[in-house]
Structures are given as structure tokens and as C-alpha cells.
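We will look at ring pairs, sheets, backbone details and pockets.

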Amino acid sequence: MLRQTLAALITRAIEAAQQEGRLPAIALPEVIVEHPQNESHGDYATSIALKLARATGLNPMAVAGEITGHLPPAPEIDRATIAPPGFINLTLNSGWLCRQVEPILARPDTYGNINLGNGKRVQIEFVSVNPTGPLHVGHGRGAVLGSTLANTLTAAGYSVSTEHYTNDAGNQVANFARSLYARYQQTFHIDAEMPADGYFGSYLVDLAGEIAAEEGDRLLNLPEEEAVSRLQAIGLEKMLARARADLAPLGVSFNVWFSERSLYREGQYDTAISRLRQAGYLAERAGATWFVSTALGEDKDNVIVRSDGSPTYFAGDIAYHYNKFVERGFDEVIDIWGADHQGHVSRMKAVIEALGIDPARLKIIISQLVTLRRGGEPVRISKRSGDIITLRELVDEVGADACRFFFLSRSASSQMDFDMELAKKQSADNPVYYVQYAHARIASILRTAAEKGIDTSGDSGDASLLTAEAEQLLIKKMLQLPEIVEISASTLEPHHFTYYAQELATVFHSFYKQCRVISEDPALTRSRLKLVRAARLVLGRILHLMGMNAPERM
């Protein structure tokens, strides 16, 4: 990766200066190379001279001068300059830039990939909910974040497994089953009362009607508890099928659908609790079992088994994470939770430590709330059902690609406004349209070239002719994709993709306006067509990483 190459050159220059006694022989801090905010300062910059000056007491401009004076010759660098108070600015070599077009084209399916993870096994869990209601837009944000992170970490050299944890045990599922039984009875005109803590959404009426159409009234002839149990199994299966169907248009799927009930059925819950007990982290109080999280720095202890003997939600999570780390041996686990789980993070980290697992191996991302807006006004009620707007309704109205891009456009930690009207616009105001139009425009250029009988394949085109400023800027922007993958993978923040995609589209549109691709000059035409092919590849790669389509026509 270019940035690492430049950092290595700076490091070699410092070491050379130290060996000659021009700089003190001190331990080097990490050399960080970044893009300067002002493009006139060069393509890359580093503040390492300022860090060394603070550590040695030397003048930072003098330190920067020694570093640039010892820079080894490198094909990537045209010049290195110094700017007060001690920044080193690097400008890339034009000829070297031209030669990067062909390496990009040589990696149509893997350009941008890096080996940050070195094959580490990572599990990403997301959209894990009680299967008692339809998926809403908040679930959609988590789904897009999780699936994009999976793409990102795979591109960064990790071995990734995606997982949906189905909360099919506990009180909420029992309430769902009893609510469904009441609605099922009502389908046959029986005056059944809904449980006070039941589920009253209209979707449950539809679900009961669907089951009644398939099963008839035979469940009414069963003892109530047996009927409720049977309806629970049927209802959960149907709700999970609906979840799969709602996520499929978004391009979201899972390697594993994990059942919470299996933890109790297969004994992993008992094993995890036993390990905590043996380590001295459990206490019995007032008939309940507590996790003594205060021993690990928490403000309070937490109940894991109620006085009636039923495990809490937290208990299930303990067993589940024991399964992830110990039973299945993942190196790292990433949980993506909704905003209502913020208070659960610290105690989850504490119990991981109590299980003898390094809590740094568990990463928890909190996906904040989404507010839907239409014409500046918040939208809360579904036109179809009168309830909350479901994920399926949102996808049906604005499209899967718009959903993915907009959900990714802000960091997970930020609350977001989703402008449904903007998401549907077919204009440059809509960032989704703007980025995808760049790809479609490239495809149109290449079709036109083919119609004119111009060869756009193979080695056709001399990239060394690509010396115009707009051409060079486009190459520079394309070379940043591996950096964006590294940043997104190391920070677990794929919103960087949306900004990069818009920047790349902007640079391409500018190139298109300034440089006539198909012209009277055959050699320049072929060269620019080669550049255009590379741009299509990079745009396609970033769209793929975001889980979006790369349209050929718009």
C-alpha cells in the first residue's frame, strides 16, 4: 500500500540520519503519513519531524531538513518539501502515477484488498432480535452496517463469519406465543382476550390468519398449553422466514442462524455458568443468582438467574459468547447492537473477562437511532398498517441501493436523519444516483468506443500519455482505495466508503468534462479509455464493498 511505502521511506531516512549522527539515536515513534488538507502542500504529509523535535529538543525545521536530505531515491516520489513548523510534504511522481493504471486493471476482483487481518477468524453478529415482530428501519441500519463490515474485513484479509442470533427463548417469546394464540382464536370468532403484555401489532392478526388458513381449526382441539407451544413453533418459523425475505432485497444474508434455545438444550449455558461459579464470580442472594461484576470494576452486580429459576437475557448472552470464543474459537467477535443496548456493553465486557477471555477480543458497536423524513417532516407511521414503518416498506419505496448508501453515510455512533425524498431523486443532489451515474457513464463511454470499433481490451493504450492534471488526479484518487479499506477495517467504520465513493465520482465527472475521451487522436483515445476502464473497476469495487449495484445504464 502506497501510504505504508512512503512511511517506510521516511523511516529509512531517519535511520540513515541517525547512523550518520545527524539526528540523535532515539527510539522512533510511529511514522504516520496522511493526506494534507491543502492539496497545494502535496499528495502526502507527515509530522514526524515535530514529534522528533519534541523528544530531542531540536528545531523541527532542522529535523525535517535532515529527514528529507536522507530520503532514498524512490520512483513514487517526485519531490519532498518542508513547511513550517516542520511538516514534510511529498508529491508523487507523474510517470510513476501513469504506471499504476495497469496494476489496477490486473486485479479486477481484488483491487483494494489488503492483508491486515492475516487470516484471523472474526464473527460478526447483527440484526439479532426477538423474532416477535417485523424488522424496522433500525434493524435495517444494523443489517447494512454488519454486511458491509463483513465485506470490508474480508477485503482486509480476515476470515469472516456472519451470524444472526435468534432470541427464541424467554418471556418475550412466551408473550408472543400467547398473543398469537389469542389472535388465532379470534380468527374463528372466539372472544379471546389478548394478554396484557402481549403483542398488539396488526402483523400478528395477519400471521394468525395465515396459520388458520394452513392449519384450519385443529389447534383449537388441543389443550391450551399444547396449542400455544405449537403456535410458538409455527409463528417463530414464519417470523424468521419473513426476516430472511425482508433482508434479501438489501443483499443481507447470514452464514449462521443461531438459536438461543440451543444453548440450553446442548448444555453450553450450564458450562458457562459453571465456569463463572468456579472462578468465584457468582453469588446467591434472595434466591437469585448474581454475577459479581463489581469485582471487575462495575458499579453494580447483575442478576443472571431470577428467584423463580429462569435465566435473564444477560445469562443467555453469557452462554452465547462462551460459545463464540471457547466452543467455536473465534479470534475476534463483533456485536452490532441497537441504541437500547448501550447499558449492556460494560457488563458484557466484564463477564468476558470473568470467563478468562481477553475483553479486547470483543468489539461492540452501538447503532444509533434512525429518523425517517419526507419533505422535512418526520415519518413515524406506516401508511399500510398504521404501525411503525417496516424495513420492507422503506426498501420498497426508496430501493435497496439507496437504503444501503444512506444507512452507511453516517458513523454508527451518530443518530441519523434518512431523507426518503432525497433517496428517490434522480439527480446529482442524491449521492447514490451521483455515484452510480459515474459508473453508468463509464459503461456508456466504453459502449460508444466499441461501436466505433476501438479496441478497449487487453494492453491497448499507452498509460504514459495520461499527464493532464485531471487524469493524474483521477489516478491518485483510485490509488486511495486500499487506504480506505484499511481505515474502515481498523476502525470498524465503513461510512468512510460513502465519502470516498462520492469523491471518486466527483473526480471522474471532472475528468470527463475536461478530457475528451474519444477524440481524433487515436493514441490518446486508447490511453484515456484504459484510464476509464480502471475507473470503472475501482468504482465497481467500492460499490461492491458497500453491497450496492454498479449499473451499466441509468
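A search of the whole structure finds 15 aromatic pairs, where rings of Phe, Tyr and Trp (its six-membered ring) pair if their centres lie within 6.5 Å. This is a predicted model, in which local features need pLDDT of at least 70, side-chain atom pairs count only at pLDDT 80 or more, and totals for chains, interfaces and linings use all residues. Residues are numbered from 1 along each chain as its sequence is written, and side-chain values use heavy atoms, with hydrogens and water left out.

One of the pairs joins tyrosine 165 and tyrosine 320, with 3.8 Å centre to centre and 5° between the planes. That pair is stacked, the word for planes under 30 degrees apart, while over 60 counts as edge-to-face and the rest as tilted. Tyrosine 165 sits in strand β6 (residues 159-166) and tyrosine 320 in helix α12, so the pair ties together parts that are 155 residues apart in sequence. Helices (H or I, at least four residues) and strands (E, at least two) are DSSP runs, numbered from the N terminus.

**Two open sheets**

Helix α12 (residues 313-327) also lies across β9 and β10, running at about 75° to β10. Contact here means heavy atoms within 4.5 Å; axes are lines fitted to C-alpha atoms, for helices over the stretch in contact, and angles run from 0 to 180 degrees between N-to-C directions. These strands belong to an open sheet of three with the order β8-β9-β10 and antiparallel pairing, where two strands pair if DSSP finds at least two bridges between them. At the edges are β8 (282-285) and β10 (302-305), each pairing on one side only. From one strand to the next, the twist averages 45°. Four bridges join β8 to β9 (residues 288-291), and glutamate 284 has threonine 289 in β9 as its bridge partner.

Another open sheet has four strands in the order β1-β2-β4-β3, again with antiparallel pairing. Both β1 and β3 stand at the edges with a single partner strand each, so one side of each is left without a neighbour in the sheet. Strand β2 (residues 44-46) is joined to β4 by three bridges, and tyrosine 44 has leucine 90 in β4 as its bridge partner. Across β3 and β4 lies helix α3 (residues 60-69), running at about 165° to β3.

**Backbone details**

The loop between β3 and β4 holds proline 85, and the peptide bond from proline 84 to proline 85 is cis, with omega near 0°. Valine 127, in the loop between β5 (121-125) and α6, has a positive phi near 55° in a residue other than glycine.

**Pockets**

On a 1 Å grid over the protein atoms alone, a pocket is an open set of points where a 1.4 Å probe fits, with protein on both sides within 12 Å along at least five of seven lines; lining residues have an atom within 4 Å of a point. Grid points are joined across faces, edges and corners, and a volume is the space filled by probe spheres set on the points.

| Pocket | Volume | Nearest its centre |
|---|---|---|
| Largest | about 1400 Å³ | Pro134, Leu135, His136, His139 and Ile388 |

Which helix gives the most to the lining of the largest pocket? It is α9, with five residues.
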